[in-house]
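User: I have a model open here and would like to go through it with you piece by piece. Could you take my questions as they come?

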Amino acid sequence: MESVWGVIVKKFNSNKKIIIGLIVAILIIFSVTYTATKRNEGNKNSFPFSVLNDFVGLVDKGISIPINFVESGVSSVNKLFNTYEENEKLKAKLDSYDALVSENQEYKSENEKLKQQLDLNATLSSYSTVTANVISRSPDTWQDVLVIDQGSKNGIKVNMPVMGSKGLIGRVVEVDSLSSKVELLTSSNQSSNHFPVKIQSSGEAVYGLLEDYDEKTNSFIVSQLSADTELKEGDLVSTSGLGGNSPANLYVGTVLSVKSDSYGLDKEIYVTPAASLYDMSVVTVIQRSAESGE
Amino acid sequence: MLKEKRIPFWLPIVLFLIMLVDGQFTRLFGSINENQSFMHFHLLLLIMIVFLPLYKRRDAVLTAFFLGLIYDFYYLGIVGIWSLCLPVFVSLQYVIFEQVETTPFTILLSFILSVTLIESISFLMQVIFQLITGKFIFFITGVLGPTILLNVVLFIFFIFPLLKIFRRSKK
């Protein structure tokens, strides 16, 4: 005869897998939500995790050296093919360049003098930079994250904007002592901060938010525009410095096209990025000089 | 019989290094094809399929869990995605290779199955937790398709050297 206890043990064994499954599910839900919230809060990682990330980053840096070698080889061959065309374009640009340089010099000195008169130390457009090497890129397509080799020891903080070779590419999302993570503007992360941008169109500036990335056209989508001004293809887009995290006048790209959004109420502007979002070995982290008024 | 063997201490370290190599190669492929499609390099999975079923199941699952944890911390900063995927994947290998013999063909089938499974779970989890705005069509055409294609090529390159090592370590 089977005892009651035996039946209970048997029953428990058949249910054991379900119970373990449930516990695992609860643990996973907890840890994903907790770490995701923690990441969005933007504090520096706690000590053990920071050490772990720095250590892995160090090993990864060693591994990346031969791979970077191959990558630079491939890209230099690529560049060789484009050289002739690029040379023609650059020559055309160069004609007006000298005039621009002297003009720029004049503006700079004039700006400096005017600032002195106003007792201004830091305006929205002044910033300092930290240069960092890219160690790795997250192999997960959806969280488009770069790991770079500068961390809180070098003054990097969460939410600082990051520039590629020519323009804005992303922002810092997580900081460890010796390494940090940069989220690219191509990522489809829902909870990330959006960059406030302005579009220079024939003298007048239109403000908006850099909200999304479109894989089909390889362009950023700017929406929530401040004015209904007509915008042309080729208008310059840069950060506006509003919002407190990024300085003004970081180059983002040029306007590709203007479309109405799916409700037909608002306009969406497609912007061709200035910086290459795939070929990055060195990035610049931007530190805004003006304090945000919090 | 074979599964009583403990995992030697160097195997997790090798797997960890291969995980980082995978990441670097994924970056390389991304920059070569200019992010038109995303091919993920999964050498780690292939090696785990071939070697881990030689060892004790609990050891293997634990190794997979810790590797997944490091992956989550280092690459994503969000814990619980790969640290779930990898142990599930390893357990699945034990289920599969209890029933079928380890031949190149069965390894290929299991490999394709695992790649599909891992890519899908990690995508779906991030959509469910609203970490990303998931574009399902793009996931199929831009990520899953190219990834499987690349990994079949990877398999052809690596399977015979790996099996050679496998036979030697089985003795």
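User: Which residue in S7(A) does Pro196(A) stand opposite?

Analyst: Pro196(A) stands opposite Leu209(A) in S7(A). This is a predicted model, in which local features need pLDDT of at least 70 and side-chain atom pairs count only at pLDDT 80 or more, whereas totals for chains, interfaces and linings use all residues. Residues are numbered from 1 along each chain as its sequence is written, and chains are lettered from A and ligands numbered from 1 in the order in which they are written.

User: How many bridges join S6(A) to S7(A), and do the strands run parallel or antiparallel?

Analyst: Seven bridges join S6(A) to S7(A), residues 204–214, and the two strands run antiparallel. Strands here are DSSP runs of E with at least two residues, helices are runs of H or I with at least four, and both are numbered from the N terminus; two strands pair if DSSP finds at least two bridges between them. S6(A) and S7(A) form a hairpin with two residues between them, and in the turn Ser202(A) has a positive phi of about 35°.

User: What about S9(A), how does it pair with S6(A)?

Analyst: S9(A), residues 236–240, pairs with S6(A) in the antiparallel sense over four bridges, and within S9(A) the bridge partner of Ile199(A) is Val237(A).

User: Why is S6(A) largely enclosed by the rest of the structure?

Analyst: S6(A) covers residues 195–201, and five of its seven residues are buried, so the strand is largely enclosed by the rest of the structure. A residue counts as buried if 20 or more other C-beta atoms, placed from the backbone, lie within 10 Å of its own, as exposed if 12 or fewer do, and as partly exposed in between.

User: Changing topic: what is the strand order in the closed barrel of chain A?

Analyst: The closed barrel has six strands in the order S1-S2-S5-S4-S3-S12, with antiparallel pairing. Neighbouring strands of this sheet are turned by 45° against each other on average, direction ignored; axes are lines fitted to C-alpha atoms, for helices over the stretch in contact, and angles run from 0 to 180 degrees between N-to-C directions.

User: Which bridge partners can I look at around S1(A)?

Analyst: S1(A), residues 127–137, is joined to S2(A), residues 145–148, by three bridges in an antiparallel arrangement. Arg137(A) stands opposite Leu146(A) in S2(A), while Val134(A) has Ile148(A) as its bridge partner in that strand. S1(A) also pairs with S12(A), residues 282–288, in the antiparallel sense over seven bridges, and there Ser128(A) stands opposite Gln287(A).

User: And which helix lies across S1 and S2 of chain A?

Analyst: That is H2(A), residues 47–118, which runs at about 75° to S1(A).

Analyst: The contact takes 38 residues from chain A and 38 residues from chain B, where two residues are in contact if their C-beta atoms, placed from the backbone, lie within 7 Å. On the side of chain A that touches chain B, the elements that give two or more residues are H1 (4–41), H2, S1 and S4 (168–175) of chain A. By class, this side has 17 nonpolar, 12 polar and nine charged residues; Ala, Val, Leu, Ile, Met, Phe, Trp, Tyr, Cys and Pro count as nonpolar, Asp, Glu, Lys and Arg as charged, and the others, Gly among them, as polar.

User: On to chain B: how many helices and strands does its secondary structure come to?

Analyst: Chain B comes to six helices and zero strands. Buried residues make up 41% of its 171 residues, and its C-alpha atoms fill a box of roughly 50 × 30 × 30 Å, taken along the principal axes.

User: At what angle do H1(B) and H3(B) pack?

Analyst: H1(B), residues 10–32, and H3(B), residues 57–76, pack at an angle of about 35°, with their axes 11 Å apart. Residues that meet there include Leu15(B) and Phe16(B) from H1(B), and Leu67(B) and Ile70(B) from H3(B). The residues of this contact divide into eight nonpolar, two polar and no charged.

User: Last one: where is Gln224(A) found, and is it exposed, partly exposed or buried?

Analyst: Gln224(A) is found in the loop between S8 (219–223) and S9 of chain A, and it has a positive phi of about 55° although it is not a glycine. With 15 C-beta neighbours inside 10 Å, Gln224(A) counts as partly exposed.
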